[in-house]
Amino acid sequence: MKTDRVNKLSPTHQLARAVSALALLFALCGLSRNAIAQQDPAIISGGIGFLTTTNGGNTNFIPEVKPVAVLPLGDHLQIETRATVLSNFFHRTGDGYDHFTFKTMDYLQADVKAGSHATIVAGQFLTPFGTYNERLTQIWNQTFQDLPLIYGVGSMNTGSGLGGMVRGNVFANDRASVSYAAYYSGNSTSGYFGAERSSGGQAQVYLPESGLEIGASYGRSLGAVHENFEGMHLWWQPIDTGFRFRSEFGHAPNAKGYWFETDYRLQQLGGADSALGRLEPVFRMQQTFRDAPDNNDGLPFVNTKRADLGLDYHLPHEIRVHTSYGRQFAPDGNVNIWETSLVYRLLIPTWKSKH
Amino acid sequence: MKSLETITLGLALSISALAAASSMPLAQSDTHSQTQTSSKLSRASHPASPDRGQRVFQQNCARCHSAPEGLSPSASGAVARHMRVRANLSEADFRALLHFLNP
């Protein structure tokens with residue numbers, strides 16, 4: 001999540017500029033109807049949801065939209081962007097309800113295909129560290145609706161970088177696939193495009209036959225204080241089963257932690273589209289260890305343990321209902337966390353192609 | 001800050017102008033080149049086995065999410081291109097996925 005930003009232009013003004021730029025991109029692509037007919041249409045995708053969280057007795061109601069746009073331009077270039085807009089309604093003791101609105105640009109990047117093994121990404125991008133930031137921060141595919149406790153490790157405060165990245169696949173065959181990403185980000189305190197000067201990358205190996213993925217990440221903050229962050233992840237998803245295991249370990253200069261989660265879609269009970277097959281029990285365990293005080297790594301200030309148990313129900317038409325209960329244990333107090341959400345996933349082409 | 005935004009906006013516009021310009025010749029090209037492209041794509045995407053694209057989907061995309069319901073063929077190109085970057089797909093896997101999403 002974006003924090004500590006200094007704006008000279010108002011956020012609304014900056015968002016309006018970004019939207020205008022996108023609108024112009026679409027308009028320029030509309031210069032030739034034939035050109036449109038030849039190329040892949042842009043898509044609008046993303047998630048729309050209504051989330052509630054009760055943490056230690058305090059309830060928040062959060063309507064949220066996370067739209068994604070992908071605009072292919074010719075054979076080698078595409079523009080991708082994602083934004084987050086949410087309102088958080090909460091109860092003030094003795095003063096009714098209040099709310100605040102949060103808007104941010106998660107990424108706005110140009111992807112240039114630079115061969116069969118590399119893509120150059122320029123602009124604002126999600127920091128490639130671990131798995132959560134790039135893969136699971138869209139509301140329709142999160143197993144649980146809140147971020148892991150160690151999300152701050154390697155995400156460089158904002159979760160986004162502003163600069164360049166090279167990523168791709170080293171090789172892939174039926175037995176193994178190796179992929180990589182390396183990036184450099186400059187510093188930006190510009191409203192929706194906040195980023196910290198940093199560099200880093202990750203590499204991962206995937207073994208298709210066993211459904212196993214192992215990866216390592218490294219990030220170096222190059223701001224006022226130079227710090228290293230390291231991470232490891234292991235995912236296991238046996239082929240043709242509804243079972244998934246995901247885990248990550250993260251290490252910051254003054255703290256470390258891990259999370260793992262499992263989910264099992266009950267598709268064995270009459271298929272994934274049967275009444276019972278749409279059920280998906282989910283479980284997440286996480287723990288953080290504080291070595292020394294640090295206000296900037298985003299991890300809890302004290303050693304913390306948390307377990308969550310939930311149930312997802314996948315309704316037809318890309319609607320998912322989620323509910324979960326969690327218990328967090330920490331020296332400064334234990335709390336119960338209840339969460340529910342209703343999320344819709346949308347995906348529409350912006351025009352009809354001829355192929 | 002303002003200059004950074006101006007640069008970003010300028011870059012975005014330049015890229016879009018270049019792309020729009022580069023797509024013009026495509027639009028003007030004749031049916032012959034379209035057929036050539038299709039046949040090139042067809043050869044490139046020729047899967048090693050009939051279900052290779054499905055396997056690519058299961059092994060890459062399905063690690064994070066299920067298949068979208070009722071995916072429009074019009075959306076398949078952009079979806080596959082997005083996944084090529086996000087999931088670091090090889091060129092062959094990208095072609096197979098594209099073939100799977102829009103046979």
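**A guided reading of chains A and B**

In this predicted model, chain A has an average pLDDT of 89, and 88% of its residues score at least 70. One stretch of chain A stands apart from this: over residues 1-7 the pLDDT is below 50. Beyond near neighbours in sequence, residues 1-7 of chain A have eleven contacts in the model. Where pLDDT is low, the predicted coordinates should not be read in detail.

Chain B may be considered next. Its secondary structure consists of five helices and zero strands, so that, as defined by the DSSP runs, the order of elements from the N terminus is α-α-α-α-α. Of the 103 residues in chain B, 39% are buried. Among the contacts in chain B with a separation of 6 or more, 62% are between residues 24 or more positions apart.

The largest nonpolar core has 24 residues. Within this core, the residues with the most contacts are Val79(B), Ala80(B), Met83(B) and Leu97(B). Both chains take part: two or more residues are given to the core by β2 (58-73) of chain A, and likewise by α3 (52-59), α4 (73-86) and α5 (91-101) of chain B. The largest share is that of α5(B), which supplies six residues.

How many of the eleven residues of α5(B) are buried? Nine of them are, and α5(B) is therefore largely enclosed by the rest of the structure. The buried residues of this helix are Asp93(B), Phe94(B), Arg95(B), Ala96(B), Leu97(B), Leu98(B), His99(B), Phe100(B) and Leu101(B). An α-helix has 3.6 residues a turn, so residues three or four places apart point the same way.

When residues up to four places away in sequence are not counted, Leu97(B) touches Gly53(B), Val56(B), Phe57(B), Ala80(B), Met83(B) and Leu89(B). Two of these partners, Ala80(B) and Met83(B), are also among the residues with the most contacts inside the core.

His99(A) is found in strand β4, which covers residues 97-113 of chain A. Is His99(A) buried or exposed? His99(A) is exposed, because 12 other C-beta atoms lie within 10 Å and a residue counts as exposed at 12 or fewer. Apart from neighbours within four places in sequence, His99(A) is in contact with Ser87(A), Asn88(A), Phe89(A) and Phe90(A). Tyr184(A) is 85 residues away from His99(A) along the chain, and the C-alpha atoms of these two residues are separated by 36 Å.

Technical notes
Residues numbered from 1 in each chain as written. Chains lettered and ligands numbered in written order. Predicted model: local features only at pLDDT ≥ 70, side-chain atom pairs only at ≥ 80, totals over all residues. Helix = DSSP H or I, 4+ residues; strand = E, 2+ residues; numbered from the N terminus. Buried ≥ 20, exposed ≤ 12 C-beta atoms within 10 Å, placed from the backbone. Contact = placed C-beta atoms within 7 Å. Core = buried A, V, L, I, M, F, W, Y, C linked by C-beta atoms within 7 Å. pLDDT = per-residue confidence, 0-100.
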